[in-house]
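Student: I have a structure open and would like to go through it piece by piece. Can we just start?

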Amino acid sequence: MLDQPARQDRPVPPVPAVQRTNPERSFAEEVRALRLGDGEVFRGEGILAVTKAILQSGVAYVGGYQGAPVSHLVDVLVESQDLLDELGVHLETCTNESSAAALLGASINYPIRGCVTWKSIVGTNVAADALSNLASPGVIGGALIVVGEDYGEGASVIQERAHAFALKSSVWLMDPRPNLATIVRCTEQAFELSEATNTPVMMELRIRACHVTGEFVAKDNRAPPISRNARLAEPAAHDYSRISHPPSTYVQEKLKVEVRQPAAERFIVERGLNELLPGRRSDLGIIVQGGIANVLLRGLDRLEVEGEVPTLVLNVTHPLVPDQVVEFCRGKRAVLVVEEGAPDYIEQALHAILRKHDVSTRLYGKDVLAMAGEYTAELVTEGLLKFLSQSANDIDLSRPRERFEAARAGRAEAQRLLGGPLPLRPPGFCVGCPERPVFSAIKLLEREVGKVHISSDIGCHSFATLAPFNLGNSILGFGMSLAAAGAVAPVMQKRTISVMGDGGFWHNGLLSGVASAMFNRGDRVLVVMQNGYTSATGAQFIPNTSGNRRDGETTSDIAATLRAMGVKWLRTVRTYNVATMLATLREAMRSDDNGLKVIVADGECQLARQRRIRPQVAAQLKRGERVVRARYGVDDEVCTGDHSCIRLSGCPSLVVKPSPDPLRSDPVASVNNGCVGCGLCGEVADAAVLCPSFYKAEIVQNPTWWDRLKAKVRGAAIGMMAGE
Ligand code: SF4
Ligand code: SF4
């Protein structure tokens, strides 16, 4: 078993003077970029440009909850505490998006600028209550919400659009063209738009906008006039009109449509937030969301019609400015709307605007493009081909069409030669992950009790829904697995098992799951994966991390919290001990206790652990100190080749190789060099009573004279026994 101390005995990761999310990564380059001043050239990624732009805008507070593709914003600021201290900027690493959105309450009464960030759509769902209550009274200080629009083929969440929230709450939505200068300008203007209209502004950044690289000319960072360094002596005067309660809410709703939206439309035009890219044709036009403008421009280039079709780039997609749209469309025969994702909010709105203004321009959109899914270069190029063929038959598209079709045919041919589509490569647990053994134990439990309803959750443990475990019947949201078993458990003969990570536990699971199950006397089993970080989003610290970014102390203990909530049946088990985990699961399933039964599955995230110990080991080796590390192996001659060990653990370091025995055709299992010595394969072989082919070896670096002597004696003895 892995030589990893229990959580309470684990060394506290060093917390250097600069506060950090975790001790293994460094954003030193990014931190330097945030300090650039007037006239210096910033080079980097889109999301870092946003971070710089908010500091240039004089924000007094920043908060957020991690999630791709925007985690970088808070992660880098966590490492920039010195700079934030100088400027007086408060940074809050929130426990969920709801608490991040609620931070913006500072801007309701005070002329204080703030920015919060999270992953959408899931984070926006969680933040929705606070957003509604923020948008209704509106803000005095600029309030910016940077949402990572995790949409498309690389996305990890449900495919929905943040646009819906902007529409329903009357929050303005920016969708800047993925170009650093545009992104920075939009960020700065977002605060001004927010203040000019007393409305929070949301800025959606897709994966491509967050990671686009480029440069812009920086400005000095601005210290906010009201801040941690310049505090207010008095609170704002009580003003009931700023409370989101009736009857204020009735007035606030009218203000949204009668005052704030017209002001926003004026601001968008006066500041030129939307861009008009000129084109030679006066009869055609394209209206595109800023965030996918680059894909469109690439498509036009491929079709050799760049500079032909005038294009209105909507860096603000809500509100649309009717006069601007009408002016752009009037006199044109056909306009293509390029809007990614469903429903087609913008296209529908444009139809309504044109009809109301009696403009007869034909709109193309989802009829030639796809209603749902990512607008890839190929998809947009194909849509452009259809649009241009139907609306401008004077443009000769034969050559680009040939090229497009040849490229597509080439890919189909490659696929045919390969014998079909390439096999999927689903994500999986890291080598040595502490969560994998829990699912090995559940697999073994199912051998005894039969199939069990598994309520899964968001986090690395959701990989267990994939092969080889295939464990999981549903995922209902972050920290929602216990609540999601609420109506299933009462109709099942066998108890249900909910699996939740410690990130999910603090995010939502404690109240939505544990409190509710306790309150309803739920007879369910909950496994909390206590790996110490929100590992799936980049190993950010959470309340039970052995160390806090401010003072190195653990904030909260999961087991103690559960006990305080009244949980009576509670066990903490080291995850790598498969036999104990299996016995504990068995006990939970069979116990006479008909309340909530919680197993805290304890094991530090292996990825974080390796990053933590690697520099320590390197330093030890450099000092010439003795270092021992474990490696596991499979004895070729014992392995039967049935591969149960692989099916039960799924470790990527467990591979197959040809059997050295010429009389056996089945390949044998083998452990490759990626093994981190977690011991799971041996544990599984033992708990599942598999073949005894696994062995543990200790690799000793900088051996002592005693190590060398022992190795010599052992080598000689083995040689003698082997008849050498
Ligand atoms: S990041 Fe950590 S918790 Fe996630 S799969 Fe890897 S080792 Fe496991
Ligand atoms: S091969 Fe075995 S010991 Fe090595 S990392 Fe994988 S499960 Fe752990």
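Student: Where does Pro69 lie?
Tutor: Pro69 lies in the loop between strand S2 (61-64) and H3. Helices (H or I, at least four residues) and strands (E, at least two) are DSSP runs, numbered from the N terminus. This is a predicted model, where local features need pLDDT of at least 70, side-chain atom pairs count only at pLDDT 80 or more, and totals for chains, interfaces and linings use all residues. Residues are numbered from 1 along each chain as its sequence is written, chains are lettered from A and ligands numbered from 1 in the order in which they are written, and side-chain values use heavy atoms, with hydrogens and water left out.

Student: And the peptide bond from Ala68 to Pro69, cis or trans?
Tutor: The bond from Ala68 to Pro69 is cis, with omega near 0 degrees. Another cis bond runs from Ala467 to Pro468, with omega near 5 degrees. Pro468 sits in the loop between S15 and S16.

Student: What about phi of Asp358, positive or negative?
Tutor: Positive, near 55 degrees, in a residue other than glycine. Asp358 is in the loop between helix H14 (345-356) and strand S14 (362-364).

Student: OK, S14. What order do the strands of its sheet have?
Tutor: The order is S9-S11-S10-S13-S14, an open sheet of five strands with mixed pairing. Two strands pair if DSSP finds at least two bridges between them. Strand S9 (275-277) and S14 are at the edges with a single partner strand each, so one side of each has no neighbour in the sheet. From one strand to the next, the twist averages 20 degrees.

Student: How many bridges join S13 to S14?
Tutor: Three, and strand S13 (residues 334-338) runs parallel to S14. Ala334 stands opposite Arg362 in S14.

Student: Which strands does H14 touch?
Tutor: H14 packs on the sheet and touches strand S10 (284-289), strand S11 (311-314), S13 and S14. Contact means heavy atoms within 4.5 Å. The direction of H14 makes about 180 degrees with that of S14. Axes are lines fitted to C-alpha atoms, for helices over the stretch in contact, and angles run from 0 to 180 degrees between N-to-C directions.

Student: Next sheet. Which strands form the six-stranded one?
Tutor: In order, S16-S15-S17-S18-S22-S21, an open sheet with parallel pairing. Strand S16 (474-475) and strand S21 (569-574) are the edges; each has a single partner strand, so one side of each is left without a neighbour in the sheet.

Student: How many bridges join S15 to S17?
Tutor: Two bridges join strand S15 (residues 454-456) to strand S17 (residues 497-501). Ile454 stands opposite Ile497 in S17.

Student: Which strands does H17 lie across?
Tutor: Helix H17 (residues 436-449) lies across S15, S17, strand S18 (525-530) and strand S22 (597-602), at about 155 degrees to S18. Helix H21 (residues 578-590) lies across S17, S18, S21 and S22, at about 165 degrees to S21.

Student: New topic: the largest pocket. What is its volume?
Tutor: About 1,100 Å³. On a 1 Å grid over the protein atoms alone, a pocket is an open set with protein on both sides within 12 Å along at least five of seven lines, a cavity is a set of points where a 1.4 Å probe fits but cannot get out, and lining residues have an atom within 4 Å of a point. Grid points are joined across faces, edges and corners, and a volume is the space filled by probe spheres set on the points.

Student: Which residues lie nearest the centre of that pocket?
Tutor: Lys119, Ser156, Val157, Ile458 and Gly459, out of 50 lining residues. H19 gives the most to the lining, with five residues.

Student: And how many cavities of 30 Å³ or more are there?
Tutor: Six. The largest cavity has a volume of about 100 Å³. Its lining has 14 residues, with Cys651, Ser653, Cys675, Cys678 and Cys681 nearest the centre.
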